[in-house]
Amino acid sequence: MSSEAGTSKGNEIFTELYFLIQKCLSVSPLKETHQMLVKELESSNILPNRLDWKGNEHRRNLAELEKHYPHIGPDYLLKICSRLGCILDRELPPSIKRAPSLLGAGRQSLLRRTDHKRCNNAQLYYAARIHGKPLLDPPFLKSTHNIVNVCIGRQMSGPTTRHLVVGSSRYANLQLQRRTLGHLSAVYCLLFDRTGRFIVTVW
């Protein structure tokens, strides 16, 4: 039942898409293509049938279909394609903004997924340099940098910045383990980080 329902929905989408394409071609320079498409749509019985008050199905031509959907104009398909990119850019920002295209690939594709947010080759990203400095953090980065990839990039291209090696997020989970009051003499309190290379002093 589920496969049949999915097939019927797919056929309905194809039918609506054919209708929108012929509406778009009606005002295009491809007059012969539009005429051939209209003939094939009406002769191949692809258009959805209409139901009368008794529930009987009747074939419907393009003129009746256009009368049934008067709000569909020749630029309806163009408006849909234009809005798809804007809606998708809010959820999944592309790598290059203000470069709309229906033929893009990767992070410019309209079919991109959430896994396209991350770089496909992280080591090359950390090894890249502009004027001897690493690249800035991309806007979609929400996690800490992988220290292994950072070290590999440093070995390949030279020194890197401190925030890549030890980011501020590493100190976000600091907890107070013990508090001692009433020192009889001046002391220094030392706090080591996980790497053991950096200390935080309070005196």
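**Group meeting: side-chain pairs and cores**

Hi everyone, let me open with Lys79, which is partly exposed at a relative accessible area of 48%. A quick reminder before I go on: this is a predicted model.

What does Lys79 pair with? Its salt-bridge partner is Asp75, and the closest N and O atoms of the two are 3.5 Å apart. Asp75 is partly exposed too, with 37% relative accessibility.

As a general point, side chains of opposite charge can pair when their charged atoms come close. How many salt bridges does the count come to? The count is 2.

The other bridge joins Arg112 to Asp89, with 2.7 Å between the closest N and O atoms. Is Arg112 buried or exposed? Arg112 is buried, with a relative accessible area of 7%, whereas Asp89 is partly exposed at 34%.

The structure holds 2 aromatic pairs. In one of them, Phe19 and Tyr69, the ring centres are 6.2 Å apart and the planes meet at 50 degrees, so we call the pair tilted. Where in the chain do Phe19 and Tyr69 lie? Phe19 is in helix α1 (residues 2-25), and Tyr69 is in the loop between α3 (62-68) and α4 (76-91), so to speak a link between distant parts of the chain, 50 residues apart. Phe19 is buried, with a relative accessible area of 5%, while Tyr69 is partly exposed at 32%.

Phe19 also takes us to the next topic, the cores. Phe19 belongs to the largest nonpolar core, which has 11 residues in all, including Leu20, Leu37, Val38, Leu65, Ile72 and Leu77. Which helices each supply at least two residues of this core? They are α1, α2 (31-43) and α3.

Let's zoom in on Leu41, another member of that core. Leaving aside residues up to four places away in sequence, Leu41 touches Tyr18, Gln22, Ile46, Leu47 and Leu62.

Notes. Residues numbered from 1 in each chain as written. Predicted model: local features only at pLDDT ≥ 70, side-chain atom pairs only at ≥ 80, totals over all residues. Heavy atoms only, no water. Phe/Tyr/Trp six-rings, centres within 6.5 Å; stacked < 30°, edge-to-face > 60°. Helix = DSSP H or I, 4+ residues; strand = E, 2+ residues; numbered from the N terminus. Buried < 20%, exposed > 50% of the residue type's maximum accessible area, 1.4 Å probe, protein only. Core = buried A, V, L, I, M, F, W, Y, C linked by side-chain atoms within 4.5 Å. Contact = heavy atoms within 4.5 Å. Salt bridge = Lys/Arg side-chain N within 4 Å of Asp/Glu carboxyl O.
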